[in-house]
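Please open the model in a viewer and keep the selection panel at hand. The stops below proceed from the overall fold to individual sites.

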Amino acid sequence: MHSPFRRRLPVFCWPWWLALLVLLHGMAPGVHAAEKALPVPRFVSLRADEVNLRSGPGERYPIDWVLTRKGLPVEIVQEFDVWRQIRDSQGSVGWVHQRMVTGTRTVIVTGETRTLHADPDPASPAVARAEPGLIARLLECRGAWCRIEANDRKGWLRRGEVWGVYADEAVP
């Protein structure tokens, strides 16, 4: 005898419940809902010390380049399924699996040796010098200035002195 508190769904309802669960979960297999809403292009950084850049979005495509700097800022310029087409500061472009990048924001110092300032003002005291190629964590940007951290030193540089942040991008 069946309990009056249990109700069985007809067999024809099960596919609809499964579809509803997938819809409510907000994701297709392997793709998170939060990732669908992220803008392209956008800056991210490399998650590993060695990342293969492929000529196309898949493991069957040949490796064109190998990037060897964990934390290197790269720009996602296109997406296909779990693959991201990225560009580095030198202009190299290739496809990587989404696992190889992270949303952690970094920048790379460009040009010549730069002075990090205590405040976003060229007249403020210098706190450190940054050599070209230095990778630093991006903390925030205010107007034409960005605050970075590298080797336990924090300071402000002009946006034009680093690669890895857009000219008009708000970075909290």
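Colour the chain by secondary structure: the protein has two helices and 14 strands, where helices (H or I, at least four residues) and strands (E, at least two) are DSSP runs, numbered from the N terminus. The model is predicted, so local features need pLDDT of at least 70 and side-chain atom pairs count only at pLDDT 80 or more, while totals for chains, interfaces and linings use all residues. Residues are numbered from 1 along each chain as its sequence is written, and side-chain values use heavy atoms, with hydrogens and water left out.

Next, colour by accessibility. Of the 172 residues, 37% count as buried; buried means under 20% relative accessible area, exposed over 50%, partly exposed in between (1.4 Å probe, protein chains only). Among contacts (heavy atoms within 4.5 Å) with a separation of 6 or more, 52% join residues 24 or more positions apart.

Now select Leu138, Ile148 and Val165. Within the largest nonpolar core, which has 15 residues, these three touch the most other members. Such a core is a set of buried Ala, Val, Leu, Ile, Met, Phe, Trp, Tyr and Cys residues joined through side-chain atoms within 4.5 Å. Two or more residues each come from strand 8 (106-109), strand 10 (126-130), strand 11 (135-142) and strand 12 (145-150). Another core, of 14 residues, lies apart from it and includes Val96, Val101, Ile108 and Trp163.

Centre on Ile148. Beyond its neighbours within four places in sequence, Ile148 has contacts that include Val107, Leu116, Leu138, Arg153 and Leu157.

Move to Cys141 and Cys146, which form a disulfide with sulfur atoms 2.1 Å apart; the criterion is a pair of cysteine sulfur atoms within 2.5 Å. The structure holds one such link, and it is right-handed, with 100 degrees about the S-S bond. Are these cysteines buried or exposed? Cys141 is buried at a relative accessible area of 10%, and Cys146 is buried at 1%.

Finally, select Leu38, Arg42, Val44, Ile76 and Gly103. Of the 17 residues that line the largest pocket, these are the closest to its centre. The pocket has a volume of about 290 Å³. Strand 1 (42-46) and strand 7 (101-102) each give two or more residues to the lining, and strand 1 gives the most, with three. By class, the lining has eight nonpolar, three polar and six charged residues. Here, a pocket is an open set of points on a 1 Å grid over the protein atoms alone where a 1.4 Å probe fits, with protein on both sides within 12 Å along at least five of seven lines; lining residues have an atom within 4 Å of a point.

Terms used. Points joined across faces, edges and corners; volume = space filled by probe spheres on them. Nonpolar A, V, L, I, M, F, W, Y, C, P; charged D, E, K, R; others polar.
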